[in-house]
Amino acid sequence: MDATMGFGALSFMDGFLGYNQIKMDPKDEELTASRTQQHTHYYTVMLFDLKNTGATYQKVVTIIFHDFLHNIVECYVDDLVVKIKNRGNHPHDLRKVFEKLRMH
C-alpha cells in the first residue's frame, strides 16, 4: 500500500483464475493424473492447489511487467494496481497494461 501513496488515480485488478492460464511443463503433467475406469486425465495448466502455484504466478507476473513495476504497476501474486500521478494519463497507462496482458 505504501507504494501507491500520493498517486492521483489507482485501478485495482484481480487476476482471478490467472493460475489456470499458466501452462504446465509437459513432463509434469502426468504428476497431476487422475484415473477413471475408462480414461486417465491430467491437467495441462497449473492448479491453484499445487505447492508452488503462488510463487510461480508471482514470478510470471514479475517477468511480464518488469518494465512497468514500481513505476505504473504494483503486483502481489494475482493482484495488480495500475497507478498514475496525473489522472489524465491513467487511460493511456491502463491501455499499455491491457496490451501487455493480451500479449502474454
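## Pairing of β1 and β5

Strands β1 and β5 pair in the antiparallel sense over six bridges, where two strands count as paired if DSSP finds at least two bridges between them. Within this pairing, Ser11 stands opposite Val82 in β5, and the bridge partner of Asp14 in β5 is Asp79. Helices (H or I, at least four residues) and strands (E, at least two) are DSSP runs numbered from the N terminus.

## Model and confidence

This is a predicted model, in which local features need pLDDT of at least 70 and side-chain atom pairs count only at pLDDT 80 or more, whereas totals for chains, interfaces and linings use all residues. Residues are numbered from 1 along each chain as its sequence is written, and side-chain values use heavy atoms, with hydrogens and water left out.

The chain averages a pLDDT of 83, and 94% of the residues score at least 70; pLDDT is the predictor's confidence in each residue, from 0 to 100. Confidence in the chain is lowest in α2, at a mean of 84, and highest in α3, at 91.

## The sheet and its edges

Three strands form an open sheet in the order β1-β5-β4, and the pairing is antiparallel. Because β1 (9-14) and β4 stand at the edges with a single partner strand each, one side of each is left without a neighbour in the sheet. The twist from one strand to the next averages 15 degrees, with axes taken as lines fitted to C-alpha atoms, for helices over the stretch in contact, and angles running from 0 to 180 degrees between N-to-C directions.

Strand β5 is mostly covered, since five of its six residues are buried; buried means under 20% relative accessible area, exposed over 50%, and partly exposed in between (1.4 Å probe, protein chains only).

## The β4-β5 hairpin and Tyr76

Strands β4 and β5 pair in the antiparallel sense over four bridges, and they form a hairpin with two residues between them, where Val77 in the turn has a positive phi of about 50 degrees. The bridge partner of Val73 in β5 is Val82, while Tyr76 stands opposite Asp79 in β5.

Tyr76 is found in strand β4 (residues 73-76) and counts as exposed, at 62% relative accessibility. Although Tyr76 and Gly54 are 22 residues apart in sequence, they lie 9.7 Å apart in space, C-alpha to C-alpha.

## Helix α2

The 12 residues of helix α2 (residues 53-64) should span 16 Å at 1.5 Å a residue, which agrees with the 16 Å between its end C-alpha atoms; the expected span is 1.5 Å times one less than the number of residues. In α2, Thr53, Tyr57, Val61 and Ile64 are buried. Seen down the axis of α2, these buried residues fall within an arc of 65 degrees, so they line one face of the helix, the arc being that of the directions from the helix axis to the C-beta atoms.

The buried residues of α2 pack against β4, β5 (79-84) and α3 (90-103), where contact means heavy atoms within 4.5 Å. The face of α2 turned away from its buried side carries the exposed residues Ala55, Lys59 and Ile63.
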